[in-house]
Every structure is written in C-alpha cells, then in structure tokens.
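Could you have a look at this model before we talk? I've jotted down a few points on the fold, the sheets and the pocket.

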Amino acid sequence: MFRPLRLWDSGPLVPLFVALPLLVFSSLVRARASTSSGFSSVLRLVGLGFKCWRSGQFMFLDLGKTHYFRIRVPDGVHTLFRRKRGLIFYGLDTRSVYDLALLVRSCYAPDSYKGKGVRFKDELLRLKPGKQR
C-alpha cells in the first residue's frame, strides 16, 4: 500500500502520489508567472521629511537620522520612486527583490507608538497607547 503524507498539521492525510504532482505543478506555475511578470515589493516611507533617491548603483535614504543610508541596488532589481515617499522594487529574482526590501525596512523599522518608519504597503501596524495621565 501507500504511506499517507500529511501536508498540514491539522489537515487531512493526502497520499504521496496525489501530493507530489500538485507540488510540481504549483512550482511550475509560479516559475512561469515569475518569468513573464516578475516580482515586486512596495514600501512606504511614513514620517516627516523622509526622502529617497537613487544615484548610479546606490540608493540613498534620508530617514531623519544624522546620516543618510546608502544601499547598493543589486543587478536585476529595478527601483521606482513615487513622490519621494513610496518605493517599488521589481525584478525577475524573488530573493534579491525581497532581500532588498527587507534591508531597506531594517534601516528604520516602524515605531509602535507613533507609526513612523519604513513599512510594506499593506502592513498593518497596531499603535500602542502612550502614557496615561
């Protein structure tokens, strides 16, 4: 007989001969979609005076600190800036696009009290209450 394979912790048991073709098919569909359209990641700069620009291979971020952040943009990743507050990274390589987005986000992670910082477009941020008087 066949040995059942559990795909999820609390889900039903799925036989291996059913699960393996589905896994191969979904990975092929994802690969086909990535070569035709590519991957993108959208970030927002939330804060007073936050700016970004690109010069050559480097991207500069002014995030209200005493210095600018200088980040090298990898080959194959394209950048778009929307009104100095939005960043769009796109390219064919998923890993390089999301690594660059995470590197930019790590420069100034969103603050949980005021909400300032670099965040993803659809990221929900729950603000904590301040001091109670």
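Here are my notes, point by point.

1. Ground rules. This is a predicted model, with pLDDT of at least 70 needed for local features and 80 or more for side-chain atom pairs, while totals for chains, interfaces and linings use all residues. Numbering starts from 1 along each chain as its sequence is written, and side-chain values use heavy atoms, with hydrogens and water left out.

2. Overall layout. The protein has two helices and nine strands, where helices (H or I, at least four residues) and strands (E, at least two) are DSSP runs numbered from the N terminus. Along the sequence the pattern reads β-β-α-β-β-β-β-β-β-α-β. Of the 133 residues, 29% count as buried; that means under 20% relative accessible area, with exposed being over 50% and partly exposed in between (1.4 Å probe, protein chains only). Taking contacts (heavy atoms within 4.5 Å) between residues at least 6 apart in sequence, 44% join residues at least 24 apart.

3. The four-strand sheet. In what order do the four strands of this open sheet run? The order is β7-β8-β3-β9, with antiparallel pairing; two strands pair if DSSP finds at least two bridges between them. The edges are β7 (77–82) and β9, each with a single partner strand, so one side of each has no neighbour in the sheet. On average, neighbouring strands here are turned by 25° against each other, direction ignored. Axes, by the way, are lines fitted to C-alpha atoms (for helices, over the stretch in contact), and angles run from 0 to 180 degrees between N-to-C directions.

4. Strand β3 and its partners. β3 pairs with β8 in the antiparallel sense over six bridges, and S40 stands opposite Y90 in β8. Four bridges join β3 to β9 (residues 117–120), again antiparallel.

5. Is L45 buried or exposed? L45, which sits in strand β3, is buried, with a relative accessible area of 4%. The C-alpha atoms of L45 and L87 are separated by 7.9 Å, though the two residues are 42 apart along the chain.

6. The three-strand sheet. β4, β5 and β6 form an open sheet in the order β4-β5-β6, with antiparallel pairing. Why does β4 have one side left without a neighbour in the sheet? Because β4 (51–55) stands at an edge with a single partner strand, and β6 (69–72) does too. Neighbouring strands of this sheet are turned by 20° against each other on average, direction ignored.

7. Five bridges join β4 to β5 (residues 58–62), running antiparallel. K51 has D62 as its bridge partner in β5, and W53 has F60. Two residues lie between the strands of this hairpin, and G56 in the turn has a positive phi of about 70°.

8. Helix α2. This helix lies across β3, β7, β8 and β9, running at about 10° to β3. L103 has its place in α2 and is partly exposed, with a relative accessible area of 42%. From L103 to I71 it's 8.4 Å, C-alpha to C-alpha, against 32 residues in sequence.

9. The largest pocket. Its volume is about 160 Å³. For the method: on a 1 Å grid over the protein atoms alone, a pocket is an open set of points where a 1.4 Å probe fits, with protein on both sides within 12 Å along at least five of seven lines, and lining residues have an atom within 4 Å of a point. Grid points are joined across faces, edges and corners, and the volume is the space filled by probe spheres set on the points.

10. What lines that pocket? The lining consists of V42, L43, R44, R82, R83, R85, G86, L87 and K121. β3 (39–46) and β8 (86–91) are the elements giving two or more residues to the lining, and β3 supplies the largest share, three residues. By type, the lining divides into three nonpolar, one polar and five charged residues. Here Ala, Val, Leu, Ile, Met, Phe, Trp, Tyr, Cys and Pro count as nonpolar, Asp, Glu, Lys and Arg as charged, and the others, Gly among them, as polar.
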